[in-house]
Each structure stands twice: as structure tokens, then as C-alpha cells.
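Me: I would like to learn how to read a structure step by step, beginning with the way its parts are named and then moving on to single features. Could you take me through it slowly?

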Amino acid sequence: MTRPAIGIDLGGSHATIALVKDDQVLGSHRVSLDSAQPLRPALDLFAEAIRKLLAELQIDATECEGLALGFCGLADARIGRVVSTNKKYEDAPSIDFESWCRLEFGLRFAIENDARMALLGERHAGAARSCDNVVMITLGTGIGGAAMIEGKLLRGKHAQAGCLGGHLPARVGGRPCTCGAIGCLEAEASGWSLPLLAHEWRGFSASKLAGQGNIDFKMLFELADAGDRVAVEILDYCLMVWATGAVGLIHAYDPERIVMGGGVMRSAEIILPYIQTYVNQHAWTPWGKVEIVAAQLGNDAGLFGAIPLLTGNV
Ligand SMILES: [Zn+2]
């Protein structure tokens, strides 16, 4: 019989804390946070939310498999710690989460990068079920990546293999990225770089984009659909960047399937066929075609990732 797992999905502005079992979220709570602040004081809030959740569901902590944390930075599952933070929760590498979890709940603790957790979740209960060779790309403010090869998450010596998919180079001499590189996928076509890209686009001032406050992908898709020439050009460019990234990821990791996630996938009916066609034409896969599919679990993916991380040999 399977046991419930406690999952914490930690993002920049909040943490979602949930009990998950099989393919169900039994219950969840949300804790608001500020990633500019240290994480250690928030552990008390997490413990409080977990106790409340367990009480509501009438489940004793000892009945749970363990607690798994998806962290928005580099984390090493093998040593149970955060490795690098990229300006969010800067104190996280100094936190001994395993001791905290054992003292609070007497439970086993596991940690992983949030993009890898999302891949694990999609493989457990979503778009990557029964797929042992899969890459996930999450298009958001940044671009998250994760890769699984022959049923094992790709981690690498320094725990950063696969999860820097958004920092694959897409354009020689392109935009500077937050990671230190130049022309990364993320620097060319992500939530944070889109406004920068748009403002520098030829003819921008004549576009309806120019009259908007925060330029985001929802707006870009809407204006492109309405025939705004600059929006159409920028959207074509972003699609090309993502498709180029997909081919790079295929050549790097040899997946059978690429799962695309993130809020931008509201426009999956435009994004998926574009990338599928490009990949069919340009990826070297003599065995067949890599399937490009949409993620199915949304924000729950990382929570479901707690189950295989705690119980599977991943
Ligand atoms: Zn980068």
C-alpha cells in the first residue's frame, strides 16, 4: 500500500505545501514568502502548515513516506542540501534541512531542484508517464530544464546537469544573461527578457506593445493574433528560439519526448505544432520523431515529484 508524501514546492513569492498520494493532492496550504529574505525563519511556517494539513486530513506524520522540498535553485539530492541560490533565499545553502525534518516530524527528507521535481511529477502522474527518456522545459519568468535518461534524473558531478537547459546558447552575440553567459535561451525568449527584446525591436514604437506597461507573453500572443506586425515578428523569433533550444536538448540528452510547461502553454496550440515541425525537420533522430507535448499537472507537478523522489530509485 502506498503512503502519502509531504511535498513543498518553494518558489520566489510563496511555498505550496501539500500531501500527495498516488495521483491525488489530498490537501494543500500556501505560505507567502519573500525570496529576498532568509529561508530559515520560514521553516517554522512550513512546520506549522504541515501540522495543520495533517490534522485536517487526520493523518499522523508517522504514516507519511517523508518530506520532499523542490527548491528554486541548485540543490543536490545526494547530500540533501541547496548548492547555489541565484539571489533567492541566500541562506539556504547553510540550512540542514534533514535535521530540521527529523526533529520536527521524525521523517525522512529529500530535496531537488524545482524543475527536476516537475519532471518527476509529470512522469509520475502527467505527460511523461511511462517515459524513461524525457526532457522537460518550463517557460516562465526564466526557462527551467530537467532531463531523465534511462529512468534516472540527470544530475552530474555538481548537481547542475540538465537543469540549466534554459541557459543553452541560442544566439551568438546575443543578449547578456543573468547566469553570466551570452545569448542563452532564457536571455533571448523568457518572461524576464521579453520586455528588453521588445523595446529594442525595429519598429517597436509603432506597435501596440509600445503602449503597454509590463509586456508579457499573454499580451504578445494576443497582439500577434490581432495582426500587430512587430508582435508577430517577436513571437516568430521566440518560437524559433524555443524550437532551437528543443533541438539542442534532443541532441544533448536523446529523449523520446519533450514536455513543455509554464504559463505560456496557454497558447500550446501555437507553440507545440511549431516546435514539433521544427524538430521533425532539424533534429538528428534516425530512430524516429521526438514527441513534443504539453505538461498536464501545472503547479502540482513539483508536488507530485515528492513521491518518486522519496520512493523511487530516480
Ligand atoms: Zn544564461
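Reply: Helices (H or I, at least four residues) and strands (E, at least two) are DSSP runs, numbered from the N terminus. Contact means heavy atoms within 4.5 Å, and axes are lines fitted to C-alpha atoms, for helices over the stretch in contact, with angles running from 0 to 180 degrees between N-to-C directions. This is a predicted model, in which local features need pLDDT of at least 70 and side-chain atom pairs count only at pLDDT 80 or more, while totals for chains, interfaces and linings use all residues. Residues are numbered from 1 along each chain as its sequence is written, and side-chain values use heavy atoms, with hydrogens and water left out.

Me: In what order do the five strands of the open sheet stand?

Reply: Strands of a sheet pair through backbone hydrogen bonds, either parallel or antiparallel. Two strands pair if DSSP finds at least two bridges between them, and here the order is β10-β9-β8-β11-β12, with mixed pairing. Because β10 (152-153) and β12 (291-294) each have a single partner strand, they stand at the edges, and one side of each is left without a neighbour in the sheet. Strand β11 (residues 257-261) pairs with β12 in the parallel sense over four bridges, and Arg 257 has Glu 291 in β12 as its bridge partner.

Me: Which strands does helix α3 lie across?

Reply: Helix α3 (residues 114-125) lies across β8 (134-139), β9 (143-149), β10 and β11, and runs at about 55° to β9. Helix α8 (residues 268-282) also packs on the sheet, where it touches β11 and β12, and its direction makes about 165° with that of β12.

Me: Which residues coordinate the zinc ion, and why is the arrangement called tetrahedral?

Reply: Donors are N, O and S atoms within 2.8 Å of the metal (3.2 Å for Na, K and Ca), and water is not among the atoms, so sites may look incomplete. The zinc ion is coordinated by His 167 (ND1), Cys 177 (SG), Cys 179 (SG) and Cys 184 (SG), at 2.0 to 2.3 Å. Four donors count as tetrahedral if all angles lie between 85 and 135 degrees, and the arrangement around the zinc ion is tetrahedral because its four donor atoms subtend angles of 102 to 125°.

Me: Is Cys 179 buried, partly exposed or exposed?

Reply: Buried means under 20% relative accessible area, exposed over 50%, and partly exposed in between (1.4 Å probe, protein chains only). Cys 179, at 43%, therefore counts as partly exposed, whereas Cys 184, at 1%, counts as buried.

Conventions:
Tetrahedral: all angles 85-135°; square planar, octahedral: opposite > 155°, others 65-115°.
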